[in-house]
Amino acid sequence: MATTNAIQASGLGHLSDATRKRLQRKARIDVWFERTLFAFAFAVLLLLGAIIASLMFSSWPAIQRYGLDFFTENRWAANVEVFGALPAIYGTLLTSFIAIVIAVPVSFGIAIFLTEQCPGFLRQPLGTLIELLAGIPSIIYGMWGMEVLAPLLRTWFPTVFPAGTGLATAGIILAVMIIPFITAVTRDVINTVPAVMRESAYGLGCTTWEVTRRVILPSVKGGLVGGVVLGLGRALGETMAVTFVIGNNLFLSTTLTGQGTSIAALIANQFSESDGTQRSALLALGLILFLITFAVLAFARYLLRNSTGRHA
Amino acid sequence: MDIKQTPLYRRRKRLNQLVMVLCQLATVIGFVFLFAILFTLVTKGIGSISPSTFVERTRMNGGGLGNAIWGTFLMTCAATVIGTVIGVAAGTWLAEYSGKGLMAKVIRFINDILLSAPSIIIGLFIYAVVVVPMGNFSGWAGVLALTVIIVPVVIRSTEDMLRLIPNSLREAAAALGAHRWWIIVRVCYSGARAGIMTGILLGFARISGETAPLLFTSLNSNQWNFFDLGSEMANLPMTIYQNMTINAFIPDLVALAWGGALILTAAILILNIAARYFSRQRS
């Protein structure tokens, strides 16, 4: 055995049998300890494989039956067994896009305020508050959207939001949900910029905005984009914040404010009452969502790894 | 001529002021929205919370949230215990044994993906591999779905915290003749304990508010179910969801849902604050 040889080679041959046995046993524990830990780490890999495999396996009947039509069919009609992913994919992408368009300027504004302008005594409490708000469960945002935001939009802009709910409303709710998250990441990334860089720019006579725009933001570009894309990943896969306010219209309506649906909302609404082809089609939707978020998250992690590597 | 009078200087100054005002505006807007949500939550929720909310089971009229709170607590605890064992072990391997190999890079990358994978997908996955073969929705399926969500959180914090332990400590222990596993268990873990605990606590807070993965796994129930994880398990997020959607025509249940939402959010915020306090105390 390798461990026995190692003990002999290390000059422990003169030890008594009992001592040697004890050492050998401990060395064996060492080996098995590492193997056990590795098995658990490897399980993470298997988990991802299992998720993809099980989704593919259980969505296979629908993929086989509809093929590429699944992506071009513009309605989801269970009564005639016609299932098209287009309305849901459109809704997912559009709501996430609206969310990013609203959330990014606001989050960057808050992060710049917190790091560059905010009086020192407020910096810590406000930062902690933002982090705490990022922990609120998403169902709360959905409930608030349905009970407060949708009626407000309906009263204030009856022509734009006749029902209050819809794709744009869902986008706004998603934006409110990811603002704390993107802000927290952006603030952390900006804080990695060495103080010397900031000070030297101020020393040259730059204004706060010039320091931010020309020195700080360019030096952490990768991290900023990474944070935004992570936020996008959250918005794409969000279920509960969206389901309440998106309107659940299963026919494609290519408007900004109309009623629609998203992949996650459609699955949440229909899965428990579905069977057969419909259930399989819903699982196929899940697979599509997983692949979209996988690509987005992989991109975000790639950008974030690069940026933290440079400063850490 | 004074430099402060030049057009360029004034333009730069004005631009700076404009952007700074916009940033302040963004901060105000952001916090107004978030406080509006908290305000709604408190004003709508506080009225329907009474002592009986915590002890009575959910009913179609009246009733409380006792069984749902218990179910959420039980499933979250079970998932945290399982997730801690898996996550700490895997995180330890990544921090202590992986080196710079390809395998470690791949596992780390996959873990990062799982860390922010949509939770509804995790629910579908557990549905396909646990609920379908077992033939019914069960508390165990819910526990497993939550476990899959908490494991990446624990792995991440375990690895990060173990990496903060200076190598000289490991070397000192090795020089005294300690075996590697003994070094990890007695030296590294005792140094990283506070950080790992914080990670677990944050993960616990996160999974206790998850709704989407429970939709097709534990489902919900309006009965008391204390320890029978083999059958459907009541839980707070699903109860809130059902009261706000399929039971939304009953005003009492909607009010109760807001009460439940307030309880859930308050618990999660307290857990987050505790985790923060805990990590600051020890470091």
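This is a predicted model: local features need pLDDT of at least 70, side-chain atom pairs count only at pLDDT 80 or more; totals for chains, interfaces and linings use all residues.
Student: What makes α7(A) "mostly covered"?

Tutor: Of the 25 residues in α7(A), 23 are buried.

Student: How do you know that the length of helix α7 of chain A fits its residue count?

Tutor: Residues 167–191 make 25 residues, and at 1.5 Å a residue they should span 36 Å. The end C-alpha atoms are 35 Å apart, so the two values agree.

Student: Where is the kink in α7(A)?

Tutor: At A:Ile178, shortly before the proline A:Pro180, with a bend of about 40 degrees. That angle is taken between axes fitted to the seven residues ending there and the seven starting there.

Student: How do you know that domain 1 and domain 2 of chain A touch?

Tutor: The assignment gives domain 1 as 2–65 and domain 2 as 70–311. Their centres, over C-alpha atoms, are separated by 40 Å. Still, 8 residues of domain 1 are in contact with 10 residues of domain 2, and contact means C-beta atoms within 7 Å, so the domains do touch. On the domain 1 side, the residues are 5 nonpolar, 2 polar and 1 charged.

Student: And what makes up the side of chain B that touches chain A?

Tutor: For chain B, 63 residues are in contact with 65 residues of chain A. The largest share of the chain B side, 18 residues, comes from α1(B). By class, that side has 46 nonpolar, 13 polar and 4 charged residues.

Definitions and conventions. Residues are numbered from 1 along each chain as its sequence is written. Chains are lettered from A and ligands numbered from 1 in the order in which they are written. Two residues are in contact if their C-beta atoms, placed from the backbone, lie within 7 Å. Helices (H or I, at least four residues) and strands (E, at least two) are DSSP runs, numbered from the N terminus. Ala, Val, Leu, Ile, Met, Phe, Trp, Tyr, Cys and Pro count as nonpolar, Asp, Glu, Lys and Arg as charged, and the others, Gly among them, as polar. Domain bounds come from an automatic or database domain assignment. The expected span of a helix is 1.5 Å times one less than its number of residues. A residue is buried if 20 or more other C-beta atoms lie within 10 Å of its own, exposed if 12 or fewer, and partly exposed in between; C-beta atoms are placed from the backbone.
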